[in-house]
Amino acid sequence: MIKRLAAVAILVSIAGCERHSVTAHSRWPVMGTVAAVSCADPTADMEQLRQTADEIYRDSISRFSAWTDGSELAKINASGTNGVAVSEEMAKLVEISIHYSRTSGGAFSPLVSPLLRLWGFGWKATPPDAPPDDETVRKLAATARWENLSLNRPALTLRLARPDAKLDLGGIAKGYAVDKVWERFRDIGVTNALVDLGGNLRCLGEAAPGRGGWRTAVRDPLSPASGYILGTFLLRPGEAVATSGNYERFVTIAGKRYAHIIDPRTGRPAEGVLSCTVIANTAVAADALSTTLFVLGPNDGNEYLRKHAPDCAALWVTESDEQILSDNFQARNWQPAQVR
Ligand code: AMP
Ligand code: MG
């Protein structure tokens, strides 16, 4: 059984940083979620940091958003199979996405958009009255294969191999944006800060002198709004963490609830996992891996980590209310919450 702790008083958000030691904190809405910066530097200009981060997030939206008319991604999706010139930033994020898609046997896909829409997710999409039939699901699953993307360097052009293949970078773009903010903060001399974009976190330095990082909470996916947590671990200087959860966005079709993470190999919403938390060296890796390992589940996910990302650690909560920690998560100073 999952242990739950009424930890609301000390740990408020997924960031769960020990707020009594944080000098300054700023939160604001962006990308349909909440962005936050916490800073342990007494001299930090929080307004300037918020503006710096917000500018980067807005640039990210203009490139990668599937929810914005005129974004670079929208233009690619409108280009059919003609191919289109893309920015270096887009090329980089597509390359990283292809890496996770290829290594995971298609559990992660940057071309998941048609499947998302089929199940009622995405901009202006509405859930169908009944689950889609097997034939339609199979047809659209074929559009999600990463081989349908061809990126040409150094020409910097991107071509969709079939007219019904469409990009969606929602499983990775937030982490990429957090890395950009983290790099900018580092470059302007910020030493102790935590960057959070909707549960994608990366830290600089530590929350207080001698702490060794930022103690971070993992939210209980069975009561995401309550503030209950499963436990805490120490996010070391420079590290990132992300959580993918089935509670974040879902639709109800014929009385059954379906979550927004799709298994592109079957074309159906992934089942069996409630949430997956991944610690990695960059926010883009944590974001991509939390989505990938959510789909793969703990068995195949552990194997993936051993083979492709041995430095990363993962924690799954399954639909049968079990917590499964990857080999090296325990070693991350994991402190389970006390039973209420
Ligand atoms: P995250 O919360 O990072 O796991 O991202 C979830 C979002 O990623 C969804 O809302 C979709 O936009 C997109 N997505 C869903 N399934 C996949 C998948 N299998 N691979 C890549 N992106 C996905
Ligand atoms: Mg993700």
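Residues are numbered from 1 along each chain as its sequence is written, while chains are lettered from A and ligands numbered from 1 in the order in which they are written. Because the model is predicted, local features need pLDDT of at least 70 and side-chain atom pairs count only at pLDDT 80 or more, whereas totals for chains, interfaces and linings use all residues; side-chain values use heavy atoms, with hydrogens and water left out.

Helices (H or I, at least four residues) and strands (E, at least two) are DSSP runs, numbered from the N terminus. Gly171 counts as buried, with 18% relative accessibility, and Asp287 is likewise buried, at 6%. Buried means under 20% relative accessible area, exposed over 50%, and partly exposed in between (1.4 Å probe, protein chains only).

A polar side-chain atom of Thr291 is 2.7 Å from an oxygen atom of ligand 1. Backbone atoms take part as well: a polar one of Gly171 lies 3.0 Å from an oxygen atom of ligand 1, and a polar one of Ala107 lies 3.0 Å from a nitrogen atom of ligand 1. A polar contact is a pair of N or O atoms within 3.5 Å; within protein, one must be able to donate a hydrogen and the other to accept it, and residues adjacent in sequence count only if both atoms are side-chain atoms.

Attention now turns to helix H3 (residues 88-103). Its 16 residues should span 22 Å at 1.5 Å a residue, in agreement with the 23 Å between its end C-alpha atoms; the expected span is 1.5 Å times one less than the number of residues. Among the buried residues of H3 are Glu89, Met90, Leu93, Val94, Ser97, Ile98 and Tyr100. Their cover includes helix H1 (46-64), helix H2 (72-78), E4, E5, H6 and H7, where contact means heavy atoms within 4.5 Å. Just after H3, Gly105 has a positive phi of about 65°.

E4 and E5 also belong to an open sheet of 3 strands, ordered E3-E5-E4 with antiparallel pairing. Strand E3 (84-85) and strand E4 (149-152) are the edge strands, each pairing on one side only. Over 4 bridges, E4 pairs in the antiparallel sense with strand E5 (residues 157-160), and Ser150 stands opposite Arg159 in E5. Two strands pair if DSSP finds at least two bridges between them.

Elsewhere, strand E2 (residues 33-39) is largely enclosed by the rest of the structure, because 5 of its 7 residues are buried. E2 runs antiparallel to strand E1 (residues 24-30), joined by 7 bridges, with Ala24 opposite Cys39 in E2. The two strands E1 and E2 form a hairpin with 2 residues between them, and Met31 in the turn has a positive phi of about 50°. E2 is also joined by 5 antiparallel bridges to strand E6 (residues 193-197), where Val195 faces Val37.

Three further residues complete the picture. Asn302 sits in helix H7 and is buried, at 13% relative accessible area. Leaving aside residues up to four places away in sequence, Asn302 touches Gly297, Trp316, Ser326 and Asp327. Tyr228 lies in the loop between strand E8 (214-219) and strand E9 (229-235) and is buried at 18%. The C-alpha atoms of Tyr228 and Ala337 are separated by 9.0 Å, although the two residues are 109 residues apart along the chain.
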